[in-house]
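Student: Could you walk me through this one slowly? I have not looked at it before, and I would like to stop and ask things as we go.

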Amino acid sequence: QVQLVESGGGLVQAGGSLRLSCAGSGRTFSSIAMGWFRPAPGKDREFVAAISWSGGSTYYTDSVKGRFTISRDNAKTTVYLQMNSLKPEDTAVYYCARDSVIGRSTGLGKAEGYGIWGQGTQVTVSS
């Protein structure tokens with residue numbers, strides 16, 4: 001059974017950094033795009049960032065561009081979200097998710113496209 005386990009959340013002051021990790025499992029990990037989401041007002045889960053199966057394509061919501069970096073290490077079946085210059089409005093539970101389709105590199109910004117989710121990790125940014 002494929003599982004995703006997030007870690008790395010915590011409490012940080014505004015302007016600080018955190019690195020989230022998402023450890024995956026399963027033989028197809030290296031063939032599947034991965035994403036990070038967080039709750040937002042009026043939305044179940046808001047898209048934050050995504051990375052294609054190869055790592056060659058990355059996508060970000062506008063509010064985190066230039067501050068967050070998504071990456072992956074397929075040998076370790078792990079996806080990372082490096083979060084710099086954190087702001088209080090970044091406070092949320094961050095969820096890692098695995099795409100439902102093998103080999104997709106586009107159209108990764110919608111939560112309904114992801115089939116497996118982690119339990120979430122809390123990020124709190126104090127002002």
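Student: Which side chain does the side chain of aspartate 90 make a polar contact with?

Tutor: The side chain of aspartate 90 makes a polar contact with the side chain of arginine 67, at 2.7 Å. A polar contact here is a pair of N or O atoms within 3.5 Å, where, within protein, one atom must be able to donate a hydrogen and the other to accept it, and residues adjacent in sequence count only if both atoms are side-chain atoms. Please keep in mind that this is a predicted model, in which local features need pLDDT of at least 70 and side-chain atom pairs count only at pLDDT 80 or more, while totals for chains, interfaces and linings use all residues. Residues are numbered from 1 along each chain as its sequence is written, and side-chain values use heavy atoms, with hydrogens and water left out.

Student: OK, and where does aspartate 90 lie?

Tutor: Aspartate 90 lies in the loop between β8 and β9, where strands (E, at least two residues) and helices (H or I, at least four) are DSSP runs numbered from the N terminus.

Student: Is aspartate 90 buried or exposed?

Tutor: Aspartate 90 counts as buried because its relative accessibility is 1%, buried meaning under 20% relative accessible area, exposed over 50% and partly exposed in between, with a 1.4 Å probe and protein chains only.

Student: What does it touch, then?

Tutor: Not counting residues up to four places away in sequence, aspartate 90 touches Arg38, Arg67, Phe68, Ser85, Val123 and Val125, with contact meaning heavy atoms within 4.5 Å.

Student: Which residue forms a salt bridge with aspartate 90?

Tutor: Aspartate 90 forms a salt bridge with arginine 38, and the closest N and O atoms are 3.2 Å apart; a salt bridge is a side-chain nitrogen of Lys or Arg within 4 Å of a carboxyl oxygen of Asp or Glu. This pair links distant parts of the chain, since arginine 38 is in strand β4 (residues 32-40) and aspartate 90 is in the loop between β8 and β9, 52 residues apart. Arginine 38 also forms a salt bridge with glutamate 46, with the closest N and O atoms 3.0 Å apart, and both arginine 38 and glutamate 46 are buried. Taken together, Arg38, Glu46, Arg67 and Asp90 are linked in a network of salt bridges.

Student: How many salt bridges does the structure hold?

Tutor: The structure holds five salt bridges. One of them is where the side chains of aspartate 62 and lysine 65 meet, at 3.1 Å from N to O. Aspartate 62 is exposed, with a relative accessible area of 62%, whereas lysine 65 counts as partly exposed at 49% relative accessibility.

Student: New topic: what about glutamate 6, which is buried yet has no salt bridge?

Tutor: For glutamate 6, which lies in strand β1 (residues 5-7), the nearest side chain of opposite charge is arginine 45, 7.2 Å away; Lys and Arg count as positive and Asp and Glu as negative, while His and the chain ends are not counted. The side chain of glutamate 6 does reach the backbone nitrogen of cysteine 96 at 2.7 Å and the backbone nitrogen of glutamine 119 at 2.9 Å.

Student: What does cysteine 96 form with cysteine 22?

Tutor: Cysteine 22 and cysteine 96 form a disulfide, with their sulfur atoms 2.0 Å apart, a disulfide being a pair of cysteine sulfur atoms within 2.5 Å. Cysteine 22 lies in strand β3 and cysteine 96 in strand β9 (residues 92-102), so the pair ties together parts that are 74 residues apart in sequence. The link is left-handed, with -75° about the S-S bond. Cysteine 22 is buried, with a relative accessible area of 0%, and cysteine 96 counts as buried at 0% relative accessibility.

Student: Last one: why is strand β8 largely enclosed?

Tutor: Five of the six residues of strand β8 (residues 78-83) are buried, so β8 is largely enclosed by the rest of the structure. Six bridges join strand β3 (residues 18-23) to β8, and these strands run antiparallel; strands pair if DSSP finds at least two bridges between them. Six bridges also join strand β7 (residues 68-73) to β8, again antiparallel, and aspartate 73 stands opposite threonine 78 in β8.
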